[in-house]
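Thanks for coming, everyone. I have one structure to walk through, and I'll keep it quick.

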Amino acid sequence: LFTVSDKDAAYETIAGLIRPGGQLMYTDLMATGPELDNPAVAQWQTREPRRPHLWQLSQVREKLESLGLEVRVAEDITQKYRTRALAGFNQMVEQVDSFRTDTSKLKWVILEAEIWFHRIAALDSGQVNVSRIYAMLPLKAAFN
């Protein structure tokens, strides 16, 4: 959802699709505070295939709760995400030799590496994190 500009409408649509007892689980890139003035964040925003529109975790929680969802988990998982992203990148680098002669694949790898380099730099800035959300619509919502 980090690339969705109208987050209010997105969350309202999602909440409208969840049945009582239903769950919403996702991870997303979010702002850690109101300021996004770090140069690494600005570079990342211009390098993403679709422009990021970040909310803070507190905004997401407030929105989901205003829509009747109970937010049960709202946690920062940046370190786990970063570790897994770098492990995946290392695996990809190990495979480069197998398609070194395929220039279209090589160009794709270079583009993807640039995107991930800037994502990691944005996370390292401390102004962007990866958050995990778990929320559910209570069963009592069926009786309202």
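Along the sequence, the pattern runs α-β-α-α-β-α-α-β. That is 5 helices and 3 strands. Helices here are DSSP runs of H or I with at least four residues, strands are E runs of at least two, and both are numbered from the N terminus.

A word on the source. This is a predicted model, where local features need pLDDT of at least 70, side-chain atom pairs count only at pLDDT 80 or more, and totals for chains, interfaces and linings use all residues. Residues are numbered from 1 along each chain as its sequence is written, and side-chain values use heavy atoms, with hydrogens and water left out.

Overall dimensions next. The C-alpha trace spans about 60 × 35 × 25 Å along its principal axes. Of the 144 residues, 36% are buried. Buried means under 20% relative accessible area, exposed over 50%, partly exposed in between, with a 1.4 Å probe and protein chains only. Take contacts, meaning heavy atoms within 4.5 Å. Of those with a separation of 6 or more, 82% join residues 24 or more positions apart.

Now the inside. A nonpolar core is a set of buried Ala, Val, Leu, Ile, Met, Phe, Trp, Tyr and Cys residues joined through side-chain atoms within 4.5 Å. The largest one has 14 residues. Tyr-11, Tyr-26, Val-60, Leu-64, Leu-69 and Ile-133 have the most contacts inside it. H1, S1 (23-31), H3 (57-66) and S3 each supply at least two residues. S1 gives the most, with 3. Apart from this core lies another, of 13 residues, including Phe-2, Leu-54, Ala-85 and Val-130.

Where does Ser-131 lie? In strand S3, residues 128-136. Ser-131 is buried, at a relative accessible area of 0%. Its side chain makes a polar contact of 3.2 Å with that of Asn-129. Polar contact means N or O atoms within 3.5 Å; within protein, one must be able to donate a hydrogen and the other to accept it, and residues adjacent in sequence count only if both atoms are side-chain atoms. Beyond four places in sequence, Ser-131 touches residues including Tyr-26, Asp-28 and Glu-75.

Then Lys-7, in helix H1, residues 7-17. Lys-7 is buried yet has no salt bridge. That would take a side-chain nitrogen of Lys or Arg within 4 Å of a carboxyl oxygen of Asp or Glu. The nearest side chain of opposite charge, Asp-28, is 5.2 Å away. Lys and Arg count as positive, Asp and Glu as negative; His and the chain ends are not counted. The Lys-7 side chain does reach the backbone oxygen of Val-4, at 2.9 Å.
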